[in-house]
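Visitor: I am new to this structure and would like to learn how to read its features. Please show it to me, and then let us take the features in turn.

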Amino acid sequence: MRKGLATAYHELSVMMDAGLPVVRALDTAGKGFRGRVARVFAGVRDGVQHGQTISEAMEAQKFFPRMDLMTIRAAENSGDLGECFAMLSHWHESTYRLKRRAQGRVAWPLLIIHVAVLVVCLLGAVGTGDLSDLWMVPVRALRILLFLLYIPVGVIYAIIRYTPETGWGRRILSYIALWIPGLGGAVKRLALARYCRTFYLLYKAGVPMVETARQAPTVMGNGVVADLVRGGGDSAAAGHDVSEGFRPGLPYEFVQLWKVGEESGELEKVTKKLGDLFADSGEFRLQQFAFWFPMTIYLIILIVGAILVIYLYSSMIYGAIGAFG
């Protein structure tokens with residue numbers, strides 16, 4: 001989905017910047033795909049032809065992410081649709097690239113985990129001398145994997161896929177993600193990048209500051225991080241700077257640069273730069289996590305394997321001593 005959206009948004013940004021009519025640009029972008037993406041863009045094109053705005057036609061398809069709809073709706077008011085589609089294209093492309101890289105990094109450790117559990121069960125059978133039911137070794141391994149891997153992953157997927165973004169399940173996952181060493185920093189920075197980019201587009205489109213500050217946190221993807229900036233809307237409504245409503249826990253450079261933007265009257269420009277800065281740093285941290293996570297898994301497997309070998313070797317030695325004793 002993200003790869004298709006990134007490509008389609010890029011094509012739309014190029015064609016709109018070149019002055020191509022909206023309907024024709026949508027028709028051209030949609031013909032480059034097959035399946036659901038092609039049908040969705042055909043539906044958007046038909047909706048625009050019947051008098052809907054692009055954001056209204058996209059919302060009717062029940063396909064596009066909420067952040068996309070919000071920023072496109074704001075860009076329609078400001079007349080910067082080309083820039084908006086270019087920014088969304090970059091966001092979805094980087095997200096897709098990170099996802100594929102993470103999947104590649106995790107695939108091999110998962111295979112190693114399966115083999116390691118199978119070997120552990122086999123060594124357990126050898127250590128106890130129970131070799132009569134070797135066919136039960138895969139069954140025992142499957143039981144261990146079921147409770148340690150399959151069920152937790154299935155629960156996480158179900159929460160992400162089927163529960164509302166503001167539900168308690170998502171909030172628990174948000175807390176867990178932030179507490180994972182290496183991953184937490186990346187998640188926080190990527191959430192703040194979303195906040196800044198959405199704030200920039202809404203503010204540039206002429207949306208009132210109070211509404212901009214209240215809407216931008218709703219697309220951050222992590223409710224815990226969103227709580228750190230959510231007070232900015234109430235602060236703006238009270239006639240104060242948005243930054244006065246920020247809670248402790250935000251990166252120092254984020255708060256300081258934001259305040260500089262408010263003091264200089266260049267908040268629009270600063271939020272755009274902050275969005276790019278935190279997107280790049282978040283992506284870098286996520287790449288580092290994807291590199292070190294498999295290494296950690298390998299180390300744990302080696303330690304467990306070494307302990308088992310020592311235990312089995314000791315059992316054999318003591319058994320031999322007992323036999324001769």
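Visitor: How many disulfides does the structure hold?

Guide: A disulfide is a covalent bond between the sulfur atoms of two cysteines. This is a predicted model, and the structure holds zero disulfides.

Visitor: Is cysteine 84 buried or exposed? And which is it for cysteine 196?

Guide: Cysteine 84 has 0% relative accessibility and counts as buried. Cysteine 196 is buried as well, with a relative accessible area of 0%.

Visitor: How much of the chain is buried?

Guide: Of the 325 residues in the chain, 38% are buried. The accessible surface of the chain comes to about 18200 Å², and carbon and sulfur atoms hold 64% of that surface.

Visitor: What share of the contacts comes from residues 24 or more positions apart?

Guide: Among contacts in the chain with a separation of 6 or more, 59% are between residues 24 or more positions apart.

Visitor: Now the charged side chains. How many salt bridges does the structure hold?

Guide: Side chains of opposite charge can pair when their charged atoms come close. The structure holds nine salt bridges. One of them is formed by glutamate 59 and arginine 73, with the closest N and O atoms 3.2 Å apart.

Visitor: Where do glutamate 59 and arginine 73 lie?

Guide: Glutamate 59 is in helix 4 (residues 54-60) and arginine 73 is in helix 5 (residues 66-78), so the pair ties together parts that are 14 residues apart in sequence. Glutamate 59 counts as partly exposed at 41% relative accessibility, and arginine 73 counts as partly exposed at 34%.

Visitor: Which residue forms a salt bridge with arginine 189?

Guide: The partner of arginine 189 is glutamate 253, and the closest N and O atoms of the two are 2.7 Å apart. Because arginine 189 lies in helix 9 (residues 183-204) and glutamate 253 in helix 12, the pair ties together parts that are 64 residues apart in sequence. Arginine 189 is buried, with a relative accessible area of 11%, whereas glutamate 253 is partly exposed at 30%.

Visitor: How many residues apart are arginine 230 and aspartate 227?

Guide: Both lie in helix 11 (residues 223-237), three residues apart, which is about one turn of the helix. Arginine 230 and aspartate 227 form a salt bridge, with the closest N and O atoms 3.1 Å apart. Arginine 230 counts as partly exposed at 37% relative accessibility, while aspartate 227 is buried, with a relative accessible area of 18%.

Visitor: Which residues do salt bridges that share partners join into one network?

Guide: The network consists of Arg171, Asp227 and Arg230.

Visitor: Let us end with glutamate 262. Is glutamate 262 buried or exposed?

Guide: Glutamate 262 is buried, yet it has no salt bridge. Lysine 259 is the nearest side chain of opposite charge, at 7.3 Å. A salt bridge needs the nitrogen and oxygen within 4 Å.

Visitor: Where is glutamate 262 placed, and which residues does glutamate 262 touch?

Guide: Glutamate 262 sits in helix 12 (residues 252-264). Leaving aside residues up to four places away in sequence, glutamate 262 touches Asp241, Val242, Ser243 and Leu267.

Conventions: Residues numbered from 1 in each chain as written. Predicted model: local features only at pLDDT ≥ 70, side-chain atom pairs only at ≥ 80, totals over all residues. Heavy atoms only, no water. Buried < 20%, exposed > 50% of the residue type's maximum accessible area, 1.4 Å probe, protein only. Contact = heavy atoms within 4.5 Å. Areas by Shrake-Rupley, 256 points an atom, 1.4 Å probe, with all protein chains shown as cover. Helix = DSSP H or I, 4+ residues; strand = E, 2+ residues; numbered from the N terminus. Lys, Arg positive; Asp, Glu negative; His and termini not counted. Disulfide = S-S within 2.5 Å.
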